[in-house]
Amino acid sequence: MKTLMNRRNWLKSGALLAGSVSLLPTSLPALAAPRPPAPAAPLPLANGLTDEEVLRAAPVQLRARLSANENPFGPSDKAKQAITESMASCYQYPMQARDLIQKIADYEGLTPEHIMLDAGSSPLLLAAAMHFGQQGAIITGDPSYADLPRKAEKFKAPIVAVPLTADYKLDLEAMEKKIDSRTALVYLCNPNNPTGTVLDTAKLKAFTARVSQKTPVFIDEAYIDYLPDPRGTTLIAAVKQGQNVMVARTFSKLYGFAGLRVGYLVAQPAMIKTLSQYAQGPMSISAPAIRAAVVSYQDQAFMQDALKKTLASKQFLYDTLKREGYEPIPSVTNFVMFPIKMDGKRFVEEMGKRGVSIRNWEFNNQHWCRVSIGRMDEMQAFAEAFTQVS
Ligand SMILES: Cc1ncc(COP(=O)(O)O)c(C=O)c1O
């Protein structure tokens, strides 16, 4: 566990965000551009910890690792085989990225120029944070996935965190009202992490059609593969229509690639060119990971199987929570959030002592637990610990 790579902390402590401009590619636009004033208070999102920080603090012998929204049913056997077969040629630089980009472009009906690959979606979120964070304010939900806003804050971007609706969804109306001349980007995590809720697709489409005319919209679709109809729900259609919309996708979730690191961004070719200046691109992905992604992409048999197992584990969790008198927020994803009846930090510690890692949040004057959906044995370990702790 100690050796777990903490990419966000690496970025935090590394020269990149500490302002050592000398280490940045020379093609980067000047970081000394005029900046808007910094927000008075720190970003009031989540509990301030990253998934990795929570995992690092967790016991080494975890019975259930339910804090980072990974898919324990992946990667697929095909992916593992592709990795094994690619080992013999690993002395070569990874040149298969083009195959993966083409595959995604063909599936989405776009050109390769609309797509940017990197080692997971985090570097793509960072690229957007660096670019837009120097230009003005970032509008986001609260609570929502805080990675991009936190990174933008390092570039002195004011963060406008808009509370969710009463049913724990991003409040599009309220977010739109916050747009003004200083707004650089609207960041939407859909489905939303940590609440597991999804926006109405028609409303979101109408929102981007309107809003993207004045402000770029970044949609983080890390969990969209868990929905019954990802194709009908994705906002990649908005990119196809020429809107100033960026859609981030990752192989880390349903494909089970969190440790392999493959993600991509879909956007207008000019935007891809701009953001490419801030990212390493496919050369940062290992050749085995790229090969595994090529054989995994849209592997429906694997995806349906993983979804079925996820749903069974999720139902078990719902039943456990109901039995104990807790009411979760209905989730469309591989994690579930529910209000707890004790201090969140203590709850995490008590569950951790019993070998179960989960995460806590505090918002709406309430402590919350977010639990990732694991294998059935992990959910049973959760249930056992939860019955003792709750
Ligand atoms: C909403 C969201 N976006 C992006 C990421 C980053 O994932 P990765 O860098 O593994 O693609 C995560 C990880 O948990 C996430 O929850």
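1. A search of the whole structure finds 0 disulfides, a disulfide being a pair of cysteine sulfur atoms within 2.5 Å. Please keep in mind that this is a predicted model, where local features need pLDDT of at least 70, side-chain atom pairs count only at pLDDT 80 or more, and totals for chains, interfaces and linings use all residues. Residues are numbered from 1 along each chain as its sequence is written, and side-chain values use heavy atoms, leaving out hydrogens and water.

2. Cys189 is buried, at 1% relative accessible area, whereas Cys90 is partly exposed, at 31%. Buried means under 20%, exposed over 50%, and partly exposed in between (1.4 Å probe, protein chains only).

3. An open sheet is formed by 3 antiparallel strands in the order E9-E12-E11. Its edge strands, E9 (335–339) and E11 (359–363), each pair on one side only. Neighbouring strands are turned by 25° against each other on average, direction ignored. Strands (E, at least two residues) and helices (H or I, at least four) are DSSP runs numbered from the N terminus; two strands pair if DSSP finds at least two bridges between them.

4. E11 and E12 (residues 366–372) run antiparallel and are joined by 5 bridges. Phe363 stands opposite Gln366 in E12.

5. Helix H14 (residues 300–323) lies across E9 and E12, at about 10° to E9. Helix H15 (residues 344–353) packs on the sheet and touches E9, E11 and E12, its direction making about 170° with that of E11. Contact means heavy atoms within 4.5 Å; angles run from 0 to 180 degrees between N-to-C directions, with axes fitted to C-alpha atoms, for helices over the stretch in contact.
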